[in-house]
Amino acid sequence: MKFKFAWLAAAVAAATFLSACGGGGDDAPPSQDGQVLSAQLAGSIDQATFAASVNAKGLTPLAGAPKCGVDVRYVLYVTKDPLGQPATASAGVLVPNGTDPACTGNRPVVLYAHGTTFTHSKNMADLQNDSEAGLMAAMFVGQGFIVVAPNFLGYDKSSLTYHPYLNAESSALDMIDGLRAAKTHLNGASAVRPSDKLFVTGYSQGGHVAAATQKVMERDYSAEFTVTASGPMSGPHNLFKTVSVINSSPTTCAGTPNPNCTVNAGGTLFTPLLLTSWQKSYGNVYASPSDAYQAPFAATAETLFPTDTPISDLVAAGKLPADPTFTKLFGTGGLINESYRAAFFSDPNNGFAAAAKKNTLVGGWTPKRPMALCGGAQDPTVFFFNTTDLQADLNSRLPAQLAVPAFNMEDRASLPAGPVGDQLYGGFQQQKAAAGANATALYHGTLVPPFCTALVRGFFQQVLAAGL
Amino acid sequence: MKQLLIAGALCALALGAHAQQHTVYVGGAYIDVHSKADPLAGGSPLENDARVDVNDAATVGFGYTYRYSDAYSFEVALGVPPRHHTDGRGQLEGFGQVASFKQGGPTVFANYHFGDASQKLRPFVGAGINYTHFWDGHNTVAGNWAAGGPTTLDLKDSWGLAAHGGLTYSIDKHWSLIGTLAYAQVKSDLTATTTAFGGQTIVRTTSIDFRPLVYTASVGYTF
C-alpha cells in the first residue's frame with residue numbers, strides 16, 4: 001500500500017511542480033527604466049517641404065536654410081516618478097532625413113527639455129502644432145542634429161497624474177530614460193542613428209531641467225553617458241532665491257497699491273504646478289491645500305494642472321484669480337494665504353522652503369563638460385539673476401578654459417564677437433522694439449527663445465568643431 | 001442548448017451497459033493556449049493593432065470517472081483554477097504582460113474505452129461539454145499604462161464542445177496511470193473599461209478564441 005500511495009504522492013508532487021513552473025502566479029513586474037513600451041514613425045517631412053515651412057515661419061535667418069528634412073518619431077517609455085515607482089512618459093524624437101551628408105549616418109544628439117506648459121496634451125512629436133518642437137526642428141534637425149525631446153511625466157500619455165515640476169532629480173531621470181528609449185528605438189528602427197556626441201539644452205523650466213540633467217548624468221551615469229556640452233536657457237536655476245523674491249512681494253511692495261509687484265509674470269499659474277509637484281514629491285509642503293490656497297481656489301488648485309481646459313475657462317470658472325497678468329498671488333482675492341506665505345520665511349522647518357532649496361542648482365555641483373547659459377536681462381517670468389547667479393557660482397570653481405559664458409540678449413558684449421553676435425543682438429532688439437507694448441508679455445515665451453537657441457546651437461557647433 | 005443535448009445523448013450512450021466502477025484521479029494538467037484575438041476596439045490611445053495573447057498555465061487536475069460498463073464511462077474533469085498571464089501583442093508588444101485572470105473550466109465527457117479488462121494499457125476517446133468561468137481578471141501596472149489609466153476587465157463565460165483521448169495503464173485492480181490530451185471550444189468576449197485622464201471612460205472590447213490543448217498526467221484510484 002505504501003508503494004501505491006507513492007504513486008499518488010509522486011503525481012501530486014509532479015502536478016505541484018508543473019503548477020509552479022508552468023505560468024500563472026504573480027504578475028510580471030513592470031518594465032525597467034528607459035525601456036521602450038511603444039514607438040513609431042509618426043510622420044516624415046522632406047527637406048524641400050521643411051525648408052519652405054521654416055521660411056514661412058520667418059526662422060530661416062536665425063536657423064539657416066535646412067539641409068535636412070525631418071522624420072518625426074514618438075516613443076513611450078518607462079521611467080520613475082519622484083517616489084521611485086515606475087511610470088511612463090513619452091518623447092518626440094526628431095531625426096534628420098535626406099541625402100546631404102549632414103543628414104545621414106550617425107548624428108549628434110540634442111536632448112531638449114521643453115518649457116513650462118499647462119497643457120496636458122503637450123507633445124514634442126506634434127511638429128505641426130507645437131511651435132517649440134518646430135523651433136527645435138528648424139534650429140537643430142535641419143542642420144543635422146537628432147533632437148530627443150521628452151514630454152515629461154504627467155503630460156501626453158504619461159501614466160502619472162501630476163507633473164513633477166521643477167523637481168530636479170526626477171526631471172533629470174525622466175530625461176535620461178527618454179534618451180535611453182530614443183537611442184534604443186533609433187538603433188533598431190532608423191538608418192540615421194545617434195553618434196556619441198550628446199548635447200543637453202532646454203528653455204525656461206527646461207533650462208533648469210537641462211542643468212539638472214547634466215548634473216545627474218555626470219554624477220550617476222558617467223559610465224553610460226558623456227555630456228559633450230550643455231546650454232541651459234532662461235532657467236530658474238536659483239530656485240530658492242526666485243521663490244523668496246516672489247514670496248517677499250507683499251513686504252517688498254509695502255506702501256504700493258500692488259502687493260504682488262515682485263511676483264513673476266504667470267506666478268498664479270506656476271504656483272499650483274509647483275506646489276502640487278513638491279507636495280507629491282516630499283509630502284510636507286502643506287497638510288491640506290487649504291493651508292496654502294485661499295478659498296475658493298483651495299478646492300481645485302491641487303489638481304488644476306496639467307489640463308487641456310483653456311486657462312481662460314479656468315479663470316471664468318473661478319478656479320484661478322481673475323487677473324490678466326497672472327500675478328495675483330497674495331492679498332485679497334489672491335491665490336495664496338498670507339499665513340502660508342509668511343511661514344516660508346518664519347518657519348525653520350517649512351517644507352516649501354526646504355523643497356525650494358533642494359531643487360536649487362546654484363551651489364553644490366560643478367559641470368565636467370562645457371556649458372553656456374543664455375537669457376534676457378529683462379525677463380519678467382524667470383528673473384535673469386538665475387542665469388548670472390549660476391554662472392558666478394560655477395565659474396568660482398571652474399578653470400578658465402571651462403568658464404561658463406552667460407549670453408544676455410540685452411548686452412551685446414556678452415554675445416560672441418563678430419557679425420553673428422551683431423546679427424543676433426540686433427535682431428533681438430529689433431523684434432523687441434517691434435513688439436511695442438507687448439514686449440513684456442512676449443519677452444520670455446516668444447522673443448528670447450529663438451535667439452538663445454541660435455546662440456546655444458552656435459556654442460554646440462563650436463564645441464564639435466574644436467573636438468572638445 | 002445544442003451542446004447540452006449532445007452531452008445528454010453521449011451520457012445516455014455511456015450509461016447503456018453495466019460493470020460499474022468509480023475512479024477518482026489527480027495529477028498535473030498543462031493548458032497549452034493557442035489564443036487568437038481581434039485587435040482591441042473602442043478607443044484611443046490604442047488605435048492600431050492592439051492585441052492580447054493568453055499564456056499557457058499549469059495546474060493540478062483531478063476528476064471522477066463513473067464506468068458504467070467495460071467500454072463506456074462518464075467523466076467529470078476538474079482542476080484547481082489556474083491564473084493565465086496575458087501579454088500584449090502588436091502595438092502592445094512592448095508592454096509585456098498586460099493582464100491576468102483566473103479560469104475554471106469543468107468538463108464532462110462520455111468516454112469509449114478500447115480493448116477489454118484484461119489489457120493493462122487501454123486507449124480511450126471521449127466527447128463532451130466544457131463550461132469555462134472567468135474571474136479575478138485585472139490589468140497589470142503595464143496594462144494600465146497601455147490602456148491609459150486604471151482598468152477593469154470582464155470576460156464572459158464560455159460554453160463549448162470538448163473532446164479528449166488518452167491512455168489508461170492499470171497498475172493493479174485499484175491503481176492506474178492516466179494520460180490525456182484534450183481540446184475544448186473556449187471563446188469569450190473581453191470588455192476592458194478604463195478611467196483615463198480627466199475621468200474619461202474608455203471601453204474597449206475584443207473576442208478571444210482560446211483554443212486550448214490540455215495535457216494531463218494523473219494517478220487514478222478505482223473502487
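How much space lies in the largest cavity? About 290 Å³. A cavity here is a set of points on a 1 Å grid over the protein atoms alone where a 1.4 Å probe fits but cannot get out. Volume is the space filled by probe spheres set on the points, with grid points joined across faces, edges and corners.

Some conventions. The model is predicted, so local features need pLDDT of at least 70 and side-chain atom pairs count only at pLDDT 80 or more, while totals for chains, interfaces and linings use all residues. Residues are numbered from 1 along each chain as its sequence is written, chains are lettered from A in the order in which they are written, and side-chain values use heavy atoms, without hydrogens and water.

The whole structure has 5 cavities of 30 Å³ or more. For the largest, 25 residues form the lining, meaning they have an atom within 4 Å of a point. Thr242(A), Ile246(A), Asn264(A), Phe270(A) and Leu274(A) lie nearest its centre. Helices H7 (239-247) and H9 (267-282) of chain A each supply at least two lining residues; helices are DSSP runs (H or I, at least four residues), strands likewise (E, at least two), numbered from the N terminus. The lining has 15 nonpolar, 10 polar and no charged residues. Nonpolar covers Ala, Val, Leu, Ile, Met, Phe, Trp, Tyr, Cys and Pro; charged covers Asp, Glu, Lys and Arg; the others, Gly among them, are polar.

The second largest cavity has about 200 Å³ and 20 lining residues, with Val52(B), Val98(B), Asn139(B), Leu153(B) and Leu190(B) nearest its centre. Its lining divides into 15 nonpolar, 4 polar and 1 charged.

Definitions and conventions:
On a 1 Å grid over the protein atoms alone, a cavity is a set of points where a 1.4 Å probe fits but cannot get out, and a pocket is an open set with protein on both sides within 12 Å along at least five of seven lines; lining residues have an atom within 4 Å of a point.
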